[in-house]
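Have a look at the model below, and keep the sequence handy. We'll go through it piece by piece.

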Amino acid sequence: MTGGVADTSDGPRIVVLAGGVGGSKFVVGVREAARRRWPDAAGGARAEITVIVNTGDDLWLSGLRLQPDVDSMIYALAGVNDTARGWGRAGESERVATELQAWGAGWPWFTLGDLDLGAHIARTGWLRDGASVTEVVDRLASRWPLGIRLLPMTDTEVDTHVFTAQGRMHFQEWWTRHRATLPAQGFDAPGIAQSAPAPGAVDALAAADVILFAPSNPVVSLGPILSVPGIADAVRAAPGAVVGVSPIIAGAPVRGMADACLAAIGLAATADAVGHHYGARAAGGLLDAWLIAEEDASLAGGLEAAGLRAPVHPLWMRDLDTATALAAEALHSAELDAHQTS
Ligand code: GDP
Ligand code: CA
């Protein structure tokens with residue numbers, strides 16, 4: 001277990017499903033909301049927070065295993081992320097990347113920062129030594145006292161590929177090289193149907209008082225997590241309340257190209273389309289409540305008619321306080337539900 005999780009005796013067990021940059025902003029808010037609401041003597045929270053992170057956009061590059069969402073989560077929780085650029089490590093340099101380009105190695109449009117490479121080399125070495133992905137993530141996460149327990153969604157490699165008119169390519173090539181401008185005809189994650197949830201993931205969902213869906217990309221961040229056989233069923237069957245936060249505000253993603261991903265699976269980039277996509281547990285879906293933005297308040301009625309409570313709240317995470325307020329609201333929504341157990 002990761003450091004920083006102290007006495008949880010009378011605090012809740014919280015599980016968050018999350019992708020990278022958007023997901024980690026929300027998890028930082030959850031950690032802070034828990035600290036403020038259930039403070040312990042050591043400055044942490046009497047809450048046990050487990051984050052199940054997407055590994056669907058992992059990749060091999062120049063012989064190294066990269067896990068973009070795992071690293072974004074760790075860097076943000078450790079406070080070593082580059083908040084100005086929005087991704088990667090603060091104080092990053094690119095000496096090795098320059099050499100790789102001179103050698104003609106790797107992808108020139110996919111920069112590997114020097115500090116980032118430290119993580120990739122450590123990870124790849126441990127994998128080569130026979131460690132599982134779960135063990136590797138735990139070792140990476142143990143460098144800093146994150147205050148949460150970090151689990152990958154699965155130990156299996158299930159990298160996402162995208163079908164386009166130019167052929168099939170790795171998700172990172174479509175996302176980073178083409179900036180998601182090539183129309184995607186669909187996504188494929190070879191092997192995901194045969195994968196299993198990471199050890200502890202299903203147990204965490206079954207023991208959770210609250211399950212939160214971060215406002216992560218519904219298609220390529222939460223989609224892969226929910227496609228690992230057993231995870232969606234565990235969410236549906238969970239005794240705790242399940243609350244999601246919309247990544248779409250007023251018909252557009254807050255940041256990034258999630259609209260291109262939604263279009264590829266035939267969904268509009270609207271808060272209600274994504275809410276209906278996850279669906280109400282009351283109707284066989286995944287969520288009890290779906291937080292939508294004030295700009296989308298007119299959509300609440302349709303969501304409620306489908307069995308989803310749709311609290312309206314500011315959804316912009318501009319800084320720690322706004323992210324904390326959003327997380328506190330998500331936790332608050334969970335407690336209104338009959339599923340809440342403590
Ligand atoms: P990635 O894996 O690094 O792409 O990050 P995620 O999938 O976890 O999150 C990306 C999503 O976060 C995007 O679709 C954004 O719309 C959403 N997002 C980013 N910032 C905010 C915010 O402040 N509020 C909300 N509600 N969503 C956000
Ligand atoms: Ca991602």
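In what order do the three strands of the open sheet stand? The order is β7-β6-β8, with antiparallel pairing; strands here are DSSP runs of E with at least two residues, helices are runs of H or I with at least four, and both are numbered from the N terminus. Two strands pair if DSSP finds at least two bridges between them. β7 (167–170) and β8 (184–188) sit at the edges with a single partner strand each, so one side of each has no neighbour in the sheet. Ignoring direction, neighbouring strands of this sheet are turned by 25° against each other on average. Four bridges hold the antiparallel pairing of β6 (residues 161–164) with β7, and T164 has G167 in β7 as its bridge partner.

Before going on, a word on the ground rules. This is a predicted model, where local features need pLDDT of at least 70 and side-chain atom pairs count only at pLDDT 80 or more, while totals for chains, interfaces and linings use all residues. Residues are numbered from 1 along each chain as its sequence is written, chains are lettered from A and ligands numbered from 1 in the order in which they are written, and side-chain values use heavy atoms, leaving out hydrogens and water.

Now to β2 (residues 48–53), where five of the six residues are buried (under 20% relative accessible area; exposed is over 50%, partly exposed in between, with a 1.4 Å probe and protein chains only). β2 runs parallel to β1 (residues 13–18), joined by six bridges, and R13 stands opposite E48. β2 also runs parallel to β5 (residues 149–152), this time over four bridges; there I52 is partnered with L151.

Next come two helices. α4 (residues 114–128) and α5 (residues 133–141) pack at about 140°, their axes 10 Å apart; axes are lines fitted to C-alpha atoms, for helices over the stretch in contact, and angles run from 0 to 180 degrees between N-to-C directions. A119, R123, W126 and L127 in α4 meet V133, V136, R139 and L140 in α5, where contact means heavy atoms within 4.5 Å.

Finally, two loop residues with positive phi. S62, not a glycine, has a phi of about 50° and lies in the loop between β3 (59–61) and β4 (64–66). S62 counts as partly exposed because its relative accessibility is 37%. A250 also has a positive phi, near 50°, in the loop between β11 (248–249) and β12 (252–253). With 51% relative accessibility, A250 counts as exposed.
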